[in-house]
Amino acid sequence: MNSLVLASYNATFVARTKRMPAIGETIAAEEFRIEHGGKGSNQAIALQRLGCRTSIIASIGKDAFGDLALKKWKEEGLNTNNVKFSEKGTGMAFVFLFPDSSNAIVIARNANEEINSEMVDRALERSSFDVFLTVFEVNPEIAMYAIKKAASKGKTVLNPAPAVRLSPEELDGITAITPNESEFKVMSGYSPEDKVDMEALADKYLNHVEVVAVTLGENGSFIATKQKKKVVPAYMTKPIDVTGAGDAWNAAFAYMIGKGEDPFYAAEFANAAGAFLVSRKRERKDLVENLPYESEVYEIMNESRRG
(Lines give C-alpha, C1' and ligand atoms only; values in the text may rest on other atoms or scores of the structure.)
Protein backbone atom coordinates (compact mmCIF):
# COMPACT_ATOMS: atom_id res chain seq x y z
CA MET A 1 0.00 0.00 0.00
CA ASN A 2 1.18 3.55 -0.83
CA SER A 3 0.42 6.92 0.71
CA LEU A 4 1.22 10.52 -0.17
CA VAL A 5 1.36 13.14 2.59
CA LEU A 6 1.36 16.90 2.09
CA ALA A 7 3.27 17.61 5.25
CA SER A 8 4.44 20.27 7.63
CA TYR A 9 7.74 19.94 9.46
CA ASN A 10 8.56 21.88 12.62
CA ALA A 11 11.72 21.74 14.66
CA THR A 12 10.09 21.38 18.06
CA PHE A 13 11.27 22.99 21.29
CA VAL A 14 9.72 21.23 24.28
CA ALA A 15 9.68 22.69 27.80
CA ARG A 16 8.19 20.88 30.78
CA THR A 17 6.89 23.36 33.36
CA LYS A 18 4.62 23.32 36.41
CA ARG A 19 2.30 25.83 34.77
CA MET A 20 1.97 28.37 31.97
CA PRO A 21 3.72 31.67 32.81
CA ALA A 22 1.56 34.74 33.30
CA ILE A 23 1.96 37.80 31.05
CA GLY A 24 5.32 39.39 31.81
CA GLU A 25 6.47 36.47 33.96
CA THR A 26 9.55 34.28 33.51
CA ILE A 27 9.61 30.79 34.99
CA ALA A 28 12.20 28.02 34.89
CA ALA A 29 11.59 24.86 32.85
CA GLU A 30 12.03 21.58 34.68
CA GLU A 31 13.16 19.94 31.43
CA PHE A 32 13.96 21.10 27.89
CA ARG A 33 14.65 19.25 24.63
CA ILE A 34 14.59 19.77 20.86
CA GLU A 35 12.97 17.12 18.68
CA HIS A 36 11.37 16.42 15.30
CA GLY A 37 7.81 17.64 14.89
CA GLY A 38 5.09 18.97 12.65
CA LYS A 39 1.77 17.20 12.29
CA GLY A 40 2.35 16.24 8.67
CA SER A 41 5.87 14.92 9.24
CA ASN A 42 4.76 12.95 12.29
CA GLN A 43 1.86 11.45 10.37
CA ALA A 44 4.06 10.55 7.39
CA ILE A 45 6.58 8.78 9.63
CA ALA A 46 3.75 7.00 11.44
CA LEU A 47 2.26 5.79 8.15
CA GLN A 48 5.64 4.45 7.06
CA ARG A 49 6.09 2.64 10.39
CA LEU A 50 2.67 1.05 10.07
CA GLY A 51 3.81 -0.57 6.82
CA CYS A 52 2.67 1.94 4.21
CA ARG A 53 5.17 3.07 1.56
CA THR A 54 4.99 6.82 2.08
CA SER A 55 6.03 9.79 -0.03
CA ILE A 56 6.16 13.27 1.45
CA ILE A 57 5.56 16.72 -0.06
CA ALA A 58 7.28 19.25 2.19
CA SER A 59 9.31 22.45 2.41
CA ILE A 60 12.14 22.87 4.92
CA GLY A 61 14.77 25.53 5.50
CA LYS A 62 18.32 25.64 4.21
CA ASP A 63 19.53 25.33 7.78
CA ALA A 64 20.62 22.75 10.34
CA PHE A 65 17.02 21.90 11.25
CA GLY A 66 16.17 21.23 7.61
CA ASP A 67 19.19 18.95 7.32
CA LEU A 68 18.04 17.02 10.40
CA ALA A 69 14.52 16.68 8.97
CA LEU A 70 15.75 15.26 5.68
CA LYS A 71 18.10 12.87 7.46
CA LYS A 72 15.27 11.59 9.68
CA TRP A 73 12.87 11.08 6.77
CA LYS A 74 15.47 9.09 4.86
CA GLU A 75 16.28 6.99 7.95
CA GLU A 76 12.57 6.15 8.26
CA GLY A 77 12.39 5.15 4.58
CA LEU A 78 10.20 7.99 3.29
CA ASN A 79 10.36 9.00 -0.38
CA THR A 80 11.72 12.58 -0.27
CA ASN A 81 11.73 13.38 -4.00
CA ASN A 82 9.09 16.08 -3.42
CA VAL A 83 10.92 17.99 -0.67
CA LYS A 84 11.90 21.62 -1.28
CA PHE A 85 14.63 23.60 0.50
CA SER A 86 13.55 27.17 1.26
CA GLU A 87 15.41 30.36 2.21
CA LYS A 88 12.63 31.10 4.69
CA GLY A 89 13.93 28.82 7.47
CA THR A 90 12.53 25.59 8.86
CA GLY A 91 9.15 25.68 10.63
CA MET A 92 9.23 25.92 14.42
CA ALA A 93 6.97 24.72 17.24
CA PHE A 94 7.13 25.62 20.92
CA VAL A 95 5.50 23.04 23.20
CA PHE A 96 4.78 23.51 26.90
CA LEU A 97 4.10 20.33 28.88
CA PHE A 98 2.29 20.40 32.23
CA PRO A 99 2.12 17.92 35.15
CA ASP A 100 -1.39 16.69 34.25
CA SER A 101 0.01 15.55 30.82
CA SER A 102 -1.78 18.40 28.99
CA ASN A 103 0.08 20.80 26.70
CA ALA A 104 0.01 24.17 24.94
CA ILE A 105 1.62 24.69 21.52
CA VAL A 106 2.65 27.70 19.40
CA ILE A 107 3.84 27.22 15.81
CA ALA A 108 5.63 29.37 13.22
CA ARG A 109 5.00 27.99 9.71
CA ASN A 110 8.10 29.53 8.04
CA ALA A 111 9.19 27.22 5.17
CA ASN A 112 5.94 25.27 5.42
CA GLU A 113 4.26 28.25 3.74
CA GLU A 114 6.50 27.82 0.68
CA ILE A 115 4.63 24.74 -0.58
CA ASN A 116 2.76 25.84 -3.70
CA SER A 117 0.41 24.45 -6.32
CA GLU A 118 3.26 23.70 -8.75
CA MET A 119 4.92 21.44 -6.17
CA VAL A 120 1.60 19.71 -5.55
CA ASP A 121 0.89 19.21 -9.26
CA ARG A 122 4.34 17.75 -9.85
CA ALA A 123 4.03 15.34 -6.93
CA LEU A 124 0.55 14.19 -7.92
CA GLU A 125 1.62 13.59 -11.52
CA ARG A 126 4.46 11.25 -10.54
CA SER A 127 2.90 9.56 -7.51
CA SER A 128 0.67 6.53 -7.16
CA PHE A 129 -1.13 6.24 -3.82
CA ASP A 130 -4.01 4.53 -2.08
CA VAL A 131 -4.53 7.35 0.40
CA PHE A 132 -3.61 11.04 0.48
CA LEU A 133 -3.31 12.81 3.84
CA THR A 134 -2.78 16.46 4.70
CA VAL A 135 -3.00 18.98 7.55
CA PHE A 136 -3.43 22.75 7.91
CA GLU A 137 0.05 23.51 9.30
CA VAL A 138 0.85 24.19 5.66
CA ASN A 139 -1.11 26.91 3.83
CA PRO A 140 -4.76 25.75 4.17
CA GLU A 141 -5.57 26.94 0.65
CA ILE A 142 -2.78 24.76 -0.79
CA ALA A 143 -3.88 21.85 1.39
CA MET A 144 -7.42 22.15 0.03
CA TYR A 145 -6.16 22.50 -3.53
CA ALA A 146 -4.05 19.38 -3.13
CA ILE A 147 -6.67 17.18 -1.52
CA LYS A 148 -9.28 18.08 -4.13
CA LYS A 149 -6.89 17.10 -6.92
CA ALA A 150 -5.82 13.95 -5.07
CA ALA A 151 -9.44 12.79 -4.77
CA SER A 152 -9.39 11.62 -8.40
CA LYS A 153 -6.47 9.24 -7.69
CA GLY A 154 -7.23 7.66 -4.30
CA LYS A 155 -8.82 7.97 -0.87
CA THR A 156 -8.31 11.32 0.86
CA VAL A 157 -8.10 12.22 4.54
CA LEU A 158 -8.05 15.82 5.78
CA ASN A 159 -6.83 16.54 9.31
CA PRO A 160 -8.00 20.19 9.59
CA ALA A 161 -5.52 21.26 12.25
CA PRO A 162 -5.06 24.04 13.16
CA ALA A 163 -8.75 24.57 12.46
CA VAL A 164 -10.15 27.15 10.04
CA ARG A 165 -13.78 27.82 9.12
CA LEU A 166 -14.88 25.40 6.39
CA SER A 167 -18.33 25.09 4.92
CA PRO A 168 -19.50 21.55 4.08
CA GLU A 169 -19.54 22.45 0.38
CA GLU A 170 -15.81 23.25 0.43
CA LEU A 171 -15.10 19.63 1.38
CA ASP A 172 -17.05 18.07 -1.45
CA GLY A 173 -15.48 14.82 -2.66
CA ILE A 174 -13.10 14.24 0.29
CA THR A 175 -13.23 10.75 1.78
CA ALA A 176 -12.81 11.64 5.47
CA ILE A 177 -12.28 14.63 7.75
CA THR A 178 -10.59 14.04 11.11
CA PRO A 179 -10.81 17.07 13.42
CA ASN A 180 -10.68 16.84 17.18
CA GLU A 181 -13.76 18.08 19.04
CA SER A 182 -12.60 21.70 19.33
CA GLU A 183 -11.47 21.80 15.70
CA PHE A 184 -14.82 20.42 14.54
CA LYS A 185 -16.61 23.23 16.33
CA VAL A 186 -14.28 25.93 14.95
CA MET A 187 -14.50 24.67 11.36
CA SER A 188 -18.29 24.71 11.74
CA GLY A 189 -18.40 28.32 12.94
CA TYR A 190 -18.66 27.74 16.71
CA SER A 191 -16.20 28.48 19.49
CA PRO A 192 -14.45 25.58 21.26
CA GLU A 193 -16.50 26.22 24.41
CA ASP A 194 -19.90 25.98 22.68
CA LYS A 195 -22.10 22.96 23.28
CA VAL A 196 -23.16 21.41 19.97
CA ASP A 197 -25.16 18.44 18.75
CA MET A 198 -22.32 16.38 17.27
CA GLU A 199 -24.61 14.14 15.25
CA ALA A 200 -26.55 17.03 13.72
CA LEU A 201 -23.32 18.81 12.88
CA ALA A 202 -21.90 15.68 11.28
CA ASP A 203 -25.02 15.31 9.13
CA LYS A 204 -24.30 18.65 7.44
CA TYR A 205 -20.85 17.48 6.37
CA LEU A 206 -21.96 13.98 5.40
CA ASN A 207 -23.71 15.44 2.37
CA HIS A 208 -20.23 16.16 1.00
CA VAL A 209 -17.75 13.75 2.68
CA GLU A 210 -18.02 10.00 3.26
CA VAL A 211 -16.79 9.93 6.85
CA VAL A 212 -16.72 12.41 9.72
CA ALA A 213 -14.24 11.23 12.36
CA VAL A 214 -13.93 13.40 15.47
CA THR A 215 -11.27 12.49 18.01
CA LEU A 216 -12.39 12.86 21.64
CA GLY A 217 -9.17 12.25 23.57
CA GLU A 218 -9.67 9.86 26.47
CA ASN A 219 -13.27 9.35 25.34
CA GLY A 220 -12.26 7.71 22.07
CA SER A 221 -13.59 8.92 18.73
CA PHE A 222 -16.95 9.77 17.20
CA ILE A 223 -17.37 8.22 13.76
CA ALA A 224 -20.23 9.12 11.44
CA THR A 225 -21.27 7.91 8.01
CA LYS A 226 -24.63 8.30 6.30
CA GLN A 227 -25.54 4.81 7.49
CA LYS A 228 -24.27 4.85 11.08
CA LYS A 229 -22.97 7.01 13.92
CA LYS A 230 -21.04 5.66 16.87
CA VAL A 231 -18.54 6.60 19.58
CA VAL A 232 -15.66 4.13 19.40
CA PRO A 233 -14.25 3.81 22.94
CA ALA A 234 -10.64 4.62 23.76
CA TYR A 235 -8.18 1.99 24.95
CA MET A 236 -7.43 2.53 28.61
CA THR A 237 -3.80 3.39 29.27
CA LYS A 238 -1.90 5.63 31.66
CA PRO A 239 -1.03 8.83 29.76
CA ILE A 240 2.57 9.97 30.10
CA ASP A 241 2.50 12.68 27.43
CA VAL A 242 -0.43 13.33 25.09
CA THR A 243 1.61 15.40 22.61
CA GLY A 244 1.24 13.84 19.16
CA ALA A 245 -1.67 11.57 20.01
CA GLY A 246 -3.66 13.05 17.14
CA ASP A 247 -0.81 12.40 14.73
CA ALA A 248 -0.59 8.71 15.67
CA TRP A 249 -4.38 8.51 15.42
CA ASN A 250 -4.63 10.19 12.01
CA ALA A 251 -1.89 8.11 10.43
CA ALA A 252 -3.44 4.88 11.69
CA PHE A 253 -6.92 5.91 10.57
CA ALA A 254 -5.67 6.94 7.10
CA TYR A 255 -3.74 3.67 6.84
CA MET A 256 -6.90 1.62 7.39
CA ILE A 257 -9.01 3.83 5.13
CA GLY A 258 -6.39 3.39 2.40
CA LYS A 259 -6.64 -0.38 2.85
CA GLY A 260 -10.40 -0.17 2.33
CA GLU A 261 -11.32 -1.03 5.93
CA ASP A 262 -14.60 -0.04 7.55
CA PRO A 263 -14.19 3.42 9.21
CA PHE A 264 -15.40 2.09 12.58
CA TYR A 265 -12.70 -0.57 12.57
CA ALA A 266 -10.25 2.06 11.32
CA ALA A 267 -11.12 4.12 14.41
CA GLU A 268 -10.51 1.15 16.73
CA PHE A 269 -7.07 0.69 15.19
CA ALA A 270 -6.40 4.43 15.39
CA ASN A 271 -7.51 4.60 19.04
CA ALA A 272 -4.99 1.85 19.82
CA ALA A 273 -2.22 3.73 17.98
CA GLY A 274 -3.00 6.85 19.99
CA ALA A 275 -2.99 4.85 23.23
CA PHE A 276 0.44 3.44 22.41
CA LEU A 277 1.83 6.90 21.74
CA VAL A 278 0.49 8.64 24.87
CA SER A 279 1.65 5.79 27.12
CA ARG A 280 5.21 6.25 25.76
CA LYS A 281 5.67 2.48 25.97
CA ARG A 282 9.24 2.70 24.67
CA GLU A 283 10.03 5.10 27.51
CA ARG A 284 11.66 7.55 25.13
CA LYS A 285 10.92 11.23 25.46
CA ASP A 286 10.87 12.15 21.77
CA LEU A 287 7.40 11.96 20.23
CA VAL A 288 8.61 10.55 16.91
CA GLU A 289 10.52 7.71 18.55
CA ASN A 290 7.31 6.56 20.23
CA LEU A 291 5.18 6.37 17.07
CA PRO A 292 4.04 2.72 16.82
CA TYR A 293 4.68 0.02 14.28
CA GLU A 294 1.70 -2.02 13.09
CA SER A 295 2.48 -4.99 15.35
CA GLU A 296 2.56 -2.70 18.39
CA VAL A 297 -0.90 -1.33 17.59
CA TYR A 298 -2.29 -4.86 17.40
CA GLU A 299 -0.64 -5.65 20.74
CA ILE A 300 -2.66 -2.85 22.36
CA MET A 301 -5.85 -4.18 20.75
CA ASN A 302 -5.13 -7.77 21.79
CA GLU A 303 -4.23 -6.82 25.36
CA SER A 304 -7.58 -5.06 25.70
CA ARG A 305 -9.47 -8.09 24.40
CA ARG A 306 -7.63 -10.38 26.81
CA GLY A 307 -8.42 -8.02 29.67
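Predicted model: local features only at pLDDT ≥ 70, side-chain atom pairs only at ≥ 80, totals over all residues.
1. The backbone at Asn110 deserves a look: its phi is near 45 degrees, a positive value in a residue other than glycine. Asn110 is partly exposed, with a relative accessible area of 25%, which falls between the 20% limit for buried and the 50% limit for exposed.

2. Another backbone feature to check is the peptide bond between Ala161 and Pro162, which is cis, with omega about -5 degrees. You will find Pro162 in the loop between strand 9 (155–159) and strand 10.

3. Now to strand 11 (residues 211–215). Five of its five residues are buried, so the strand is largely enclosed by the rest of the structure. The cover is on both faces: Val211, Ala213 and Thr215 are buried on one side, and Val212 and Val214 are buried on the other.

4. Which strands pair with strand 11? Strand 10 (residues 176–177) runs parallel to strand 11 and is joined to it by two bridges; here Ile177 stands opposite Val212. Strand 12 (residues 221–224) pairs with strand 11 in the antiparallel sense, over four bridges, and in this pairing Ala213 has Ile223 as its bridge partner.

5. Last, the turn itself. Strand 11 and strand 12 form a hairpin with five residues between the strands, and Gly217 in that hairpin takes a positive phi near 65 degrees.

Definitions and conventions: Residues numbered from 1 in each chain as written. Heavy atoms only, no water. Buried < 20%, exposed > 50% of the residue type's maximum accessible area, 1.4 Å probe, protein only. Pairing = 2+ DSSP bridges.
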